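Let's walk through this model piece by piece, domains and sheets included. Have the structure open while you read.

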Amino acid sequence: MPASSMEELVALAKRRGFVFQASEIYGGLQGVYDYGPLGVELKNNLKAAWWRSMVHERDDVEGLDSAILTNPKVLRHSGHEETFSDPLVDCRECKSRWRSDHLNGRCPRCGSADLTPPRPFNLMFKTGIGPVDDGASFAYLRPETAQSIFTNFKNILDATSRRPPFGVAQIGKAFRNEITPRNFVFRVREFEQMELEFFVPPGTDQEWLERWVEERLRWWDAQGVPRERLELLRVPDGERAHYSKATVDLMYPFPHGLEELEGIANRTDFDLGSHTKNQREMAVTAAVSSNDESNARLAVRDDNGWTVPYVIEPSAGVDRGFLAVLNEAYSVERLENGTERTVLRLRAHLAPVKAAVLPLKRNHDGIMARARALKAQLAALGIGRVLFENTGNIGKGYRRHDEVGTPFCVTVDFQTLEDETVTVRDRDTMRQERLNAAALAAYVQERIA
Ligand code: ATP
């Protein structure tokens, strides 16, 4: 059973070190968060699972890690300077500002209906480049990771001899100056995306779109977000991004409501076309001039001449994924003895801590040494973080690890010193079994992968 409110998740995230407010000791920074000791592990595990399924397990996808600072010309040609905006309204009564498509005609703060007409507010962050602050030398912080996949298209073709269908995957930060960031890490100004640009021959694009929707549902399911919890929203005409011919949003019931977790878009040949020399007619904006143009032809040559591939883009937010995974895993259970336990039933490959080794007695040299050695042995498997935890209170240790989703706790006691067995306790069933220490590594590894 997922969390009953966002507050429950926020409280757990803060208490156990998953997520903190950024710049907190100075009052924070709205729409910006830091991931703490456990949060960074969970987030890294989610990204690694995506990379594994997109790049390592496939034969038709390459990876990329490109810069965040972006030449303004890229985002002029892509149409973002002109159209990447949300409708902004001011409340004349209390002077607050809102995104008009999130309102129902009234100011959420004071209730007044005296709002200005909506006007476009561009969401891109600008920053000065170089030591002269004259406003002319600036770069954008990228609003999506996708653009640099398009601008590197020729480099990647030349370096790999790929031909469509093939894709380029990237995970990285993106920045949007959201008018009203809210709902914890759901809508933030600095976030991470996991994006695939999958280039296909024109005419096969819709079929690939449907294949990617299926594939992405399957992947989320494997991360513990069941497919029956995701609703497909086929975004209607007039509501899609400027580059999209068709978009399917995967909608997840977050604690604050049903909202987009991932968007899968058919971006056609729009982006590669817009970045190609002498293709000004592709551009959505009159602001594009000839001396702004790229020097590249972003197309593929075959027997029939040049073709600009179409592109299908599954674009998932890491932070929204983190929130969905946490929400699905969260559960508060009533135990037979009448007490409650909070447990994160995370898939083992996502768990921030894979196993904790707990010595029964903290001041016993033999037990401590044996526990330390076991921890080192498990850590050497490369399965992720394994903790040696020297608190001496096993019951409390179990509860603490339930709450952060650690799949296994291993207890070393006096009997271990006699017969080389340890107790392994399972997070989900709370069952404990006595195992030979020599079999422990294989036992854990088998259940973590
Ligand atoms: P929304 O309509 O919710 O603002 P969007 O349609 O603008 O989202 P896309 O441009 O499709 O979002 O971005 C792809 C993915 O990036 C989204 O599905 C989401 O997971 C993530 N994302 C976008 N904006 C944010 C944000 N402000 N905070 C966190 N994640 C975001």
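This is a predicted model: local features need pLDDT of at least 70, side-chain atom pairs count only at pLDDT 80 or more; totals for chains, interfaces and linings use all residues.

## Ground rules

Angles run from 0 to 180 degrees between N-to-C directions, with axes fitted to C-alpha atoms.

## How the chain is divided

What do they share? On the contact side, 8 residues of domain 1 meet 8 residues of domain 2. Together the two domains bury about 720 Å², with 56% of that on carbon and sulfur atoms. On the domain 1 side, R16, L38 and E41 account for 56% of the area buried against domain 2, more than any other three residues.

## The seven-stranded sheet

Now for an open sheet of 7 strands, ordered β3-β10-β11-β17-β14-β13-β12 and with mixed pairing. β3 (61–64) and β12 (231–234) are the edge strands, each with a single partner, so one side of each has no neighbour in the sheet. Neighbouring strands are turned by 25 degrees against each other on average, if you ignore direction.

Helix α2 (residues 37–56) packs on this sheet, touching β3, β10 (166–175) and β11, and its direction makes about 160 degrees with that of β10. Helix α7 (residues 205–222) lies across β11, β12, β13 (246–254), β14 (257–268) and β17, at about 145 degrees to β14.

## The five-stranded sheet

There is also an open sheet of 5 strands, in the order β21-β20-β22-β23-β24, again with mixed pairing. Its edges are β21 (385–388) and β24 (432–436); each has a single partner strand, so one side of each is left without a neighbour in the sheet. Neighbouring strands in this one are turned by 25 degrees on average, direction ignored.

Inside the sheet, β20 (residues 353–359) and β22 (residues 408–412) run parallel, joined by 5 bridges. V357 stands opposite V410 in β22. Helix α11 packs on the sheet and touches β20, β21, β22, β23 (421–426) and β24, its direction making about 175 degrees with that of β20. Helix α13 (residues 437–448) lies across β20, β22, β23 and β24, running at about 125 degrees to β24.

## A closer look at α11

Which residues of α11 are buried? In this helix (residues 394–404), they are I394, G397, Y398, H401, D402, E403 and V404. At the helix start, a side-chain oxygen of N393 comes to within 3.3 Å of the backbone nitrogen of G395. Just past the other end, G405 takes a positive phi of about 85 degrees.

## The β18–β19 hairpin

Last stop: strand β18 (residues 330–334) pairs with β19 in the antiparallel sense over 5 bridges, and S331 stands opposite V343 of β19. The hairpin has 5 residues between its strands, and G338 takes a positive phi near 90 degrees.

Is β19 (residues 340–344) mostly covered or mostly open? Mostly covered: 4 of its 5 residues are buried.

Note on methods: Residues are numbered from 1 along each chain as its sequence is written. Side-chain values use heavy atoms; hydrogens and water are left out. Buried means under 20% relative accessible area, exposed over 50%, partly exposed in between (1.4 Å probe, protein chains only). Helices (H or I, at least four residues) and strands (E, at least two) are DSSP runs, numbered from the N terminus. A polar contact is a pair of N or O atoms within 3.5 Å; within protein, one must be able to donate a hydrogen and the other to accept it, and residues adjacent in sequence count only if both atoms are side-chain atoms. Two strands pair if DSSP finds at least two bridges between them. Contact means heavy atoms within 4.5 Å. Buried area is the accessible area (1.4 Å probe) that two parts lose on being put together, summed over both.
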